[in-house]
Amino acid sequence: MKPAGEHRIHQLFEVSVWLKGAHALIECVGGILLYLVTTQTIASWVNMLTQEELIEDPNDFIASHLSRMAAGFSIASKEFYAFYLLSHGLIKLLLVIGLLRGKLWSYPASLVALGAFMAYQVYRYSYTHSPGLLVLTVFDAIVMWLIWQEWKTVRRHIAP
């Protein structure tokens, strides 16, 4: 029987891994959609979604920013983001499956992958200053800590 603190960390570990899995699925779907949808379609969707807001307030920061981004969204950018989302999502899905099945290889592999993703997110933050990247990086750090704690517990229980 696990001590209470260990049980609570295990529960948090499972919840965080399921959340990572859900996020990975969203990334995969987003990547596939980006591969399938043309840049013109993306621009028209963004224009349709921002049109009313821009009519009401032509200086609306979010709507005008989205509209400019969509207008300058190149095929090369679209393909990069599609590849990035799909590959990132597939890697995380593989790791999530391994972690949920308790596969020993998945603990260190997850720590390495999340560390690399976090490094890239911090690098991207230095250019974009996107608060979303910071939130994702903090969440990844928490998940890494939980994976580390779970891995220590699993190794302790396997050792004897």
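**Aromatic rings and their surroundings**

A: Trp-151 is buried, with a relative accessible area of 15%, where buried means under 20% relative accessible area, exposed means over 50% and partly exposed lies in between, all with a 1.4 Å probe and protein chains only. The model is a predicted one, in which local features need a pLDDT of at least 70 and side-chain atom pairs count only at pLDDT 80 or more, while totals for chains, interfaces and linings use all residues. Residues are numbered from 1 along each chain as its sequence is written, and side-chain values use heavy atoms, with hydrogens and water left out.

The protein chain has six helices and zero strands; here helices (H or I, at least four residues) and strands (E, at least two) are DSSP runs numbered from the N terminus. Read from the N terminus on, the elements run α-α-α-α-α-α, and the C-alpha trace spans about 65 × 30 × 25 Å along its principal axes. Of the 160 residues of the protein chain, 33% count as buried.

A pair of aromatic rings is described by the distance of the centres and the angle of the planes. Rings of Phe, Tyr and Trp (its six-membered ring) pair if their centres lie within 6.5 Å, and planes under 30 degrees apart count as stacked, over 60 as edge-to-face and the rest as tilted. Searching the whole structure in this way gives seven aromatic pairs. In one of them, the rings of Tyr-120 and Tyr-123, the centres are 6.0 Å apart and the planes stand at 40 degrees, so the pair is tilted. Both tyrosines belong to helix H5 (residues 106-128), where they are three residues apart, about one turn of the helix. Tyr-120 has a relative accessible area of 28% and is partly exposed, and Tyr-123, at 43%, is partly exposed as well.

A pair of tryptophans can be read in the same terms: the ring centres of Trp-148 and Trp-151 are 5.7 Å apart with planes at 75 degrees, so this pair is edge-to-face. Trp-148 and Trp-151 both lie in helix H6 (residues 131-158), three residues apart, about one turn of the helix. Whereas Trp-151 is buried at 15%, Trp-148 counts as partly exposed, with 36% relative accessibility.

An arginine comes into the picture here. A charge sits over a ring if NZ of Lys or CZ of Arg is within 6 Å of the ring centre and within 35 degrees of the ring normal. The charged end of Arg-155 sits over the ring of Trp-148, at 5.7 Å from its centre, and Arg-155 also lies over the face of Trp-151, 4.2 Å from that ring centre.

Returning to the tyrosines, Tyr-120 and Tyr-123 belong to a cluster in which ring pairs link Phe-80, Tyr-81, Tyr-84, Tyr-120, Tyr-123 and Tyr-127.

What is the distance between the C-alpha atoms of Val-15 and Val-143? They are separated by 9.6 Å, although the two residues are 128 residues apart along the chain. Val-15 lies in helix H1 and counts as exposed at 51% relative accessibility. Helix H1 is also the place of Ile-32, which is partly exposed, with a relative accessible area of 42%.
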